[in-house]
Amino acid sequence: QVQLVESGGRLVQAGASLRLSCAASAFNTYTTGWFRQAPGKEREFVAAIKWTGSRTYYADSVKGRFTISRDNAKNTVYLQMNSLKPEDTATYYCAGSLSFTTRGGEYRYWGQGTQVTVPS
């Protein structure tokens with residue numbers, strides 16, 4: 001069983017930067033993904049990184065603004081978010097999957113989420 005704990009979410013103004021962290025009890029060979037869910041909306045994929053760090057993938061809505069990275073020595077994955085917009089407001093979740101995928105249903109382990117709020 002892998003436990004994931006997100007942190008770093010808070011209220012920031014539009015245009016600001018924020019870094020989210022996802023600490024895991026163990027990553028082993030899991031791909032780690034970030035997803036988000038805004039009130040009244042479906043959960044959406046944000047970014048993913050292969051356990052080796054050799055491959056990343058981003059949703060079009062965050063490409064060029066967000067960067068996913070990982071430090072396997074610390075069992076931690078980061079999501080650096082720059083140029084934040086009000087539409088980035090959501091609860092952000094990290095998740096672990098045995099495959100490199102954008103599909104939430106293929107992620108086996110999930111954290112509890114961290115709230116990011118960007119007022120308009």
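This is a predicted model: local features need pLDDT of at least 70, side-chain atom pairs count only at pLDDT 80 or more; totals for chains, interfaces and linings use all residues.
Biologist: How many salt bridges does the structure hold?

Modeller: There are five. One of them joins the side chains of Asp 88 and Arg 65, at 2.8 Å from N to O. Asp 88 sits in the loop between β7 and β8, while Arg 65 sits in the loop between β5 and β6, so this pair ties together parts that are 23 residues apart in sequence. Both Asp 88 and Arg 65 are buried.

Biologist: And what is the partner of Arg 103?

Modeller: Arg 103 forms a salt bridge with Glu 106, and their closest N and O atoms are 2.6 Å apart. Arg 103 is exposed, with a relative accessible area of 52%, whereas Glu 106 is partly exposed at 32%.

Biologist: Which residues do shared partners join into one network?

Modeller: Arg 36, Glu 44, Arg 65 and Asp 88 are joined that way, through salt bridges that share partners.

Biologist: Now to the rings. How many aromatic pairs are there?

Modeller: Rings pair if their centres lie within 6.5 Å, and the count comes to six aromatic pairs. Take Phe 35 and Phe 45: their centres are 5.6 Å apart. Planes over 60 degrees apart count as edge-to-face; these planes are at 75°, so the pair is edge-to-face. Phe 35 is in strand β3 and Phe 45 in strand β4, ten residues apart.

Biologist: What other ring does Phe 35 pair with?

Modeller: Phe 35 also pairs with Trp 110, and that pair is tilted, with 5.0 Å centre to centre and 50° between the planes. Trp 110 lies in strand β9, so the pair ties together parts that are 75 residues apart in sequence. Phe 35 is buried at 2% relative accessibility, while Trp 110 is partly exposed at 25%.

Biologist: Which residues make up the aromatic cluster?

Modeller: Phe 35, Phe 45, Tyr 57, Tyr 107 and Trp 110 form one cluster. Charged residues lie over two of these rings: Arg 43 is over the face of Phe 35, 5.7 Å from the ring centre, and Lys 63 is over the face of Tyr 57, at 5.9 Å.

Notes
Residues are numbered from 1 along each chain as its sequence is written. Side-chain values use heavy atoms; hydrogens and water are left out. Rings of Phe, Tyr and Trp (its six-membered ring) pair if their centres lie within 6.5 Å; planes under 30 degrees apart count as stacked, over 60 as edge-to-face and the rest as tilted. Helices (H or I, at least four residues) and strands (E, at least two) are DSSP runs, numbered from the N terminus. Buried means under 20% relative accessible area, exposed over 50%, partly exposed in between (1.4 Å probe, protein chains only). A charge sits over a ring if NZ of Lys or CZ of Arg is within 6 Å of the ring centre and within 35 degrees of the ring normal. A salt bridge is a side-chain nitrogen of Lys or Arg within 4 Å of a carboxyl oxygen of Asp or Glu.
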